[in-house]
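Hi,

Here is the structure we talked about. My notes follow below it.

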Amino acid sequence: AEHEAAAGSSSTGIDGRVHQNQLQRPSGDETTDTETGSDDDDDDDDIDDIDLSDKDWRSFRAKLVMSEPEGEEDSSADAPTSTGEAFLEIEDDLDGIGAVFASKPSTIEGSTAGDNDDDDILRSSTEKTLCPTKFTPLDPDQWAYDSGKVIEQGAIILGGVEQDFGFGLRQQYFHKSVILVLDHDESQFTKGIILNKPSDRYLDDDINAGVRWRVWFGGDVQGLDTIMPDIICLHSLKHPAVEEVSVSVMKDIQWTTFENAKKLVKAKAAKSSDFWVFAGYAGWGPQQLMGELDRKSWYMCATDSQTLLKELARQSADADPLDAGLDVWELLMNMIGRGETADECSGDFDDLMLKEWSRKNLLSEEDKVGGNAKDFLAKASALATGEAVMEGSLLRASPTDRSPFLLSKQDLHKSIILVISDDEHLTVGVMLNRPVTRGIELDITDKATRERKAVKIPLRFGGEYAVKGQEMMLWLHCSSKLRAAK
């Protein structure tokens, strides 16, 4: 808390301006208010605001967080000087970041080793800063760390892989996703967009002739295929006209609406390639995200804007939608010290299901491979020995080229279906290879001996439908007596 106060941040963000008395301590030759008899109100009126809007306070906080050894608590209350306060004492270092990158422990002008205990404390703190243990730097300006359960605008949510039930069979797009928090209000709503799901789909422009916009999958709420899609455009532009119609998320990253982006291109204030267009978003209600963090469905990550911008640019240039953005997730997992966890689940079932989802949802229509159930039945008929599908035919689901039943109707995947009825209106079949754990218990009486005994008949899942006017239970047998019975 002391570090954040010194840096000018708060739990809800910073507006880039702090008072001078937060950054500088009075020197010994300055007189106090009591000595001069001046009024406190007059002094407050004379304090000028220092504009730090171009400084990345997240970077400063990151260096402080990552300098703390793992497993240690904050400094005790009676310590003479906190780490954050010591950094801010350096002359002409208004944002405190210069001290963090100092090349020598003793960076305060005029101090020498052994002067007093305060110097030892500062020297120890600075040495820890120069040897952070919680992140893997890619270059001097890139950083990331595990932020625990801190949810705020500009934070990154990484798809978790340690929960009891993952995203392999449902909501595959959340598996190993990288989500940027656009807005967070703990008592109302949290909104974010997925950054690692580029697609091969494009949006037409009704204002700029011939311009097309590549669209990314941003989330499952108000997506591209809904009646009222929510489309936002992420960018890092500095043009005054762009900033006027944009909302800042973090340093160098802003967003605006699709309509605004088109108008900016029309006005020559930007190019379409300056924006990343996201359709849809991910949303959480009050306390919902915190509950999911408790269940290890997600990991919270803090990182710098340049890391995100570099990954967005790389994905725009050469990313294959079928790769499902897994490399972006793995990069950040390694940067926050969770590389071993990422390696353990690489290429697992959930990864394969995510790639199937990507194949279906991120490719353009002409690039898609596979088909629906009708295509499958047509292929099955063509692969038969020339006979048409009829009563008694056996159908094998999931052809050898690619199964169409991985994301939906998964009960049909690799199923064996017996056709029991076929006419010009309807074909009815039952799956033979879907046994269930429970059975039907019957009390049977032997006509000859009058003895009663309990018999358990195994059940199988035959399909999701029932034939209207008939019992839901269908009995298959090979008994000649039952066949002859009426």
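Lys176 is buried, at 0% relative accessibility. Buried means under 20% relative accessible area, exposed over 50%, and partly exposed in between (1.4 Å probe, protein chains only). The model is predicted: local features need pLDDT of at least 70, side-chain atom pairs count only at pLDDT 80 or more, and totals for chains, interfaces and linings use all residues. Residues are numbered from 1 along each chain as its sequence is written, and side-chain values use heavy atoms, with hydrogens and water left out.

Salt bridges

Lys176 forms a salt bridge with Asp351, with the closest N and O atoms 3.0 Å apart. A salt bridge here is a side-chain nitrogen of Lys or Arg within 4 Å of a carboxyl oxygen of Asp or Glu. The pair links distant parts of the chain, 175 residues apart: Asp351 sits in helix α15 (residues 349–361), Lys176 in the loop between β4 and β5. Helices (H or I, at least four residues) and strands (E, at least two) are DSSP runs, numbered from the N terminus. Asp351 is buried too, at 3% relative accessibility.

The structure holds 13 salt bridges. Another one joins Asp230 and Lys191 (3.6 Å, N to O). Asp230 lies in the loop between β8 (212–217) and β9 (231–235) and Lys191 in strand β6 (residues 189–194), so the pair ties together parts 39 residues apart in sequence. Both Asp230 and Lys191 are buried.

Asp206 and Lys262 also meet in a salt bridge (2.9 Å, N to O). Asp206 is in the loop between β7 (198–204) and β8, Lys262 in helix α10 (residues 258–266), so this pair ties together parts 56 residues apart in sequence. Asp206 is exposed, with a relative accessible area of 64%. Lys262 is buried, at 3%.

The sheet

Which strands form the open sheet, and in what order? There are 6, in the order β3-β14-β4-β5-β6-β13, with antiparallel pairing. Two strands pair if DSSP finds at least two bridges between them. The edges are β3 (144–146) and β13 (282–284); each has a single partner strand, so one side of each is left without a neighbour in the sheet. Inside the sheet, β4 (residues 156–159) and β5 (residues 178–185) pair over 3 bridges, in the antiparallel sense. Ile157 has Ile179 in β5 as its bridge partner.

Best wishes
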